[in-house]
Amino acid sequence: MAKQLDGLVTQAVSSASSSIRSGVNTAISSVKSAVARPAPKLPSQLAGGPANNSVYQGVKGGEDIYVGITNNVVRRTSEHGTRFDELTVMGSGLTRGEARAVEQAMIVSNNYDNIINSISPKHSYYDDAVAWGQNWLKQNGLP
């Protein structure tokens, strides 16, 4: 009986070790593939220009309801008037093209009141621009 129990314990430990190794190997593969992927490139159509733009969210009733870009937050806040309770700057020091990519990524990922896309989905570079914007948001710890 003790021999049988010993055999069962050995088999259980071997099986558990195999499962753990498999799980660890899967986790390592996931990390390697995530690290190996190059960061998306900003489409050339959006490259260049001064890095003096900001991406902001319009907040009303505690909810983020709008995303926009500007090169002058004070002026833009005034232009919006009472539409929002506040404007929250999500990032600044971006070129106009970078800001548009981030803005479009936020439009795609959220249910904002924006009526107009920052980048038309009909453009051939749309997916690359959104991927660049999503990567920028992730790299900056933003939703």
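Contact here means heavy atoms within 4.5 Å. The model is predicted, so local features need pLDDT of at least 70 and side-chain atom pairs count only at pLDDT 80 or more, while totals for chains, interfaces and linings use all residues. Residues are numbered from 1 along each chain as its sequence is written, and side-chain values use heavy atoms, with hydrogens and water left out.

**Whole chain**

Start with the cartoon. The protein has four helices and three strands, in the order α-β-β-α-β-α-α along the sequence. These elements are DSSP runs numbered from the N terminus (helices H or I, at least four residues; strands E, at least two). Of the 143 residues, 31% are buried (buried is under 20% relative accessible area, exposed over 50%, partly exposed in between; 1.4 Å probe, protein chains only). Among contacts with a separation of 6 or more, 65% join residues 24 or more positions apart.

**T70 and N53**

Select T70, in strand β2. T70 counts as buried because its relative accessibility is 2%. Beyond four places in sequence, T70 touches N52, N53, S54, Y56, R75, R76 and R96. The T70 side chain makes a polar contact with the side chain of R75 at 3.5 Å. A polar contact is a pair of N or O atoms within 3.5 Å; within protein, one must be able to donate a hydrogen and the other to accept it, and residues adjacent in sequence count only if both atoms are side-chain atoms.

Next select N53, in strand β1 (residues 53-60). N53 counts as buried, because its relative accessibility is 3%. Its side chain makes a polar contact with that of R96 (3.2 Å). Leaving aside neighbours within four places in sequence, the contacts of N53 include T70, N71, G91, S92 and R96.

**Helix α2**

Move to N72, which caps the N-terminal end of helix α2 (residues 73-80). A side-chain oxygen of N72 lies 3.3 Å from the backbone nitrogen of V74. Just after α2, G81 has a positive phi of about 60 degrees.

**The cores**

Now show V55, V102 and M106, which touch the most other members of the 21-residue largest nonpolar core. β2, β3 (86-94), α3 and α4 (126-139) are the elements that give two or more residues to this core. A nonpolar core is a set of buried Ala, Val, Leu, Ile, Met, Phe, Trp, Tyr and Cys residues joined through side-chain atoms within 4.5 Å. A second, separate core of five residues includes Y56, I65, Y66 and L87. Back at V55, the contacts beyond four places in sequence include V67, I69, V89, M90, V102 and M106.

**E86**

Select E86, in strand β3. E86 is partly exposed, because its relative accessible area is 45%. From E86 to K60 the C-alpha to C-alpha distance is 7.1 Å, across 26 residues in sequence.

**The second largest pocket**

End at the second largest pocket, with about 180 Å³ of space. Of its 13 lining residues, Y66, G68, E103, N114 and I116 are the closest to its centre. At least two lining residues come from each of β2 (63-70) and α3 (96-109). The lining divides into five nonpolar, four polar and four charged residues.

Methods
On a 1 Å grid over the protein atoms alone, a cavity is a set of points where a 1.4 Å probe fits but cannot get out, and a pocket is an open set with protein on both sides within 12 Å along at least five of seven lines; lining residues have an atom within 4 Å of a point. Grid points are joined across faces, edges and corners, and a volume is the space filled by probe spheres set on the points. Ala, Val, Leu, Ile, Met, Phe, Trp, Tyr, Cys and Pro count as nonpolar, Asp, Glu, Lys and Arg as charged, and the others, Gly among them, as polar.
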